[in-house]
Amino acid sequence: MSDSKAFNSFAEFYPYYLEEHSDLTCRRLHYLGSFLVLVVAGYALITGRLALLWLLPVIGYGFAWLGHFKFEKNRPATFKYPLYSLMGDWVMLKDMLIGRIRF
């Protein structure tokens, strides 16, 4: 699929998103970043240390972008499709947890 494709729905976007995450190490870095985002968010909310919430995009995007630039060798979909890409991160994590996508 072309990077310039206009997607009319997330359902159209998600197969493209998965193609852009075919490298296993890249996917694992996404999973790690998403898991750490949940841990840090939970910790910040439970302890009241809300200043830690600024770390969430750094952690999430840091691991994801490392995976794209170093292992996948492509440009993160976030740059062209920010909302769909964010949704894709969480759907891909869910799909990994239920065994639909290989970890």
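Lys70 lies over the face of Phe71, 5.8 Å from the ring centre; a charge counts as sitting over a ring if NZ of Lys or CZ of Arg is within 6 Å of the ring centre and within 35 degrees of the ring normal. The charged end of Arg28 likewise sits over a ring, that of Phe103, at 5.3 Å from its centre. This is a predicted model, in which local features need pLDDT of at least 70 and side-chain atom pairs count only at pLDDT 80 or more, while totals for chains, interfaces and linings use all residues. Residues are numbered from 1 along each chain as its sequence is written, and side-chain values use heavy atoms, with hydrogens and water left out.

**Aromatic residues**

- The whole structure contains 15 aromatic pairs, a pair being two rings of Phe, Tyr or Trp (its six-membered ring) whose centres lie within 6.5 Å.
- One aromatic cluster is formed by Phe7, Phe10, Phe13, Tyr14, Tyr16, Tyr17, Tyr81 and Tyr84.

**Packing of H2 with H3**

- Helix H2 spans residues 24–47 and helix H3 residues 55–72; helices (H or I, at least four residues) are DSSP runs, numbered from the N terminus.
- The two helices pack at an angle of about 175°, with axes 8 Å apart; axes are lines fitted to C-alpha atoms, for helices over the stretch in contact, and angles run from 0 to 180 degrees between N-to-C directions.
- H2 is therefore roughly antiparallel to H3, a term for angles over 145 degrees.
- On the H2 side, the residues that meet H3 include Leu29, Leu36, Val37, Val40 and Ala41, and their partners in H3 include Leu56, Ile59, Phe63, Leu66 and Phe71; contact means heavy atoms within 4.5 Å.
- The residues of this contact divide into 13 nonpolar, six polar and one charged, where Ala, Val, Leu, Ile, Met, Phe, Trp, Tyr, Cys and Pro count as nonpolar, Asp, Glu, Lys and Arg as charged, and the others, Gly among them, as polar.
- Ala41, found in helix H2, is buried at a relative accessible area of 17%; buried means under 20%, exposed over 50% and partly exposed in between (1.4 Å probe, protein chains only).
- Ala41 touches Leu53 and Leu56, not counting residues up to four places away in sequence.
- Between Ala41 and Leu56, the separation is 15 residues in sequence and 7.2 Å in space, C-alpha to C-alpha.

**Packing of H2 with H4**

- The axes of H2 and helix H4 (residues 82–97) come within 10 Å and cross at roughly 100°.
- H2 and H4 are thus roughly perpendicular to each other, the class for angles of 65 to 115 degrees.
- Arg27, His30, Tyr31, Ser34, Val37 and Leu38 in H2 meet Asp89, Trp90, Met92, Leu93 and Met96 in H4.
- By residue class, this contact holds seven nonpolar, two polar and two charged residues.

**Loops**

- Leu50 lies in the loop between H2 and H3 and counts as partly exposed, at 48% relative accessibility.
- Leu50 touches Ala44 and Leu45, with residues up to four places away in sequence not counted.
- Leu50 and Val40 stand 10 residues apart in sequence and 9.9 Å apart in space, C-alpha to C-alpha.
- Ala51 is also placed in the loop between H2 and H3 and is exposed, with a relative accessible area of 62%.
- Lys73, in the loop between H3 and H4, has a positive phi of about 60° although it is not a glycine.
- The relative accessible area of Lys73 is 65%, which means that Lys73 is exposed.

Technical notes. Angles under 35 degrees count as roughly parallel, over 145 as roughly antiparallel, 65 to 115 as roughly perpendicular and the rest as oblique. Rings of Phe, Tyr and Trp (its six-membered ring) pair if their centres lie within 6.5 Å; planes under 30 degrees apart count as stacked, over 60 as edge-to-face and the rest as tilted.
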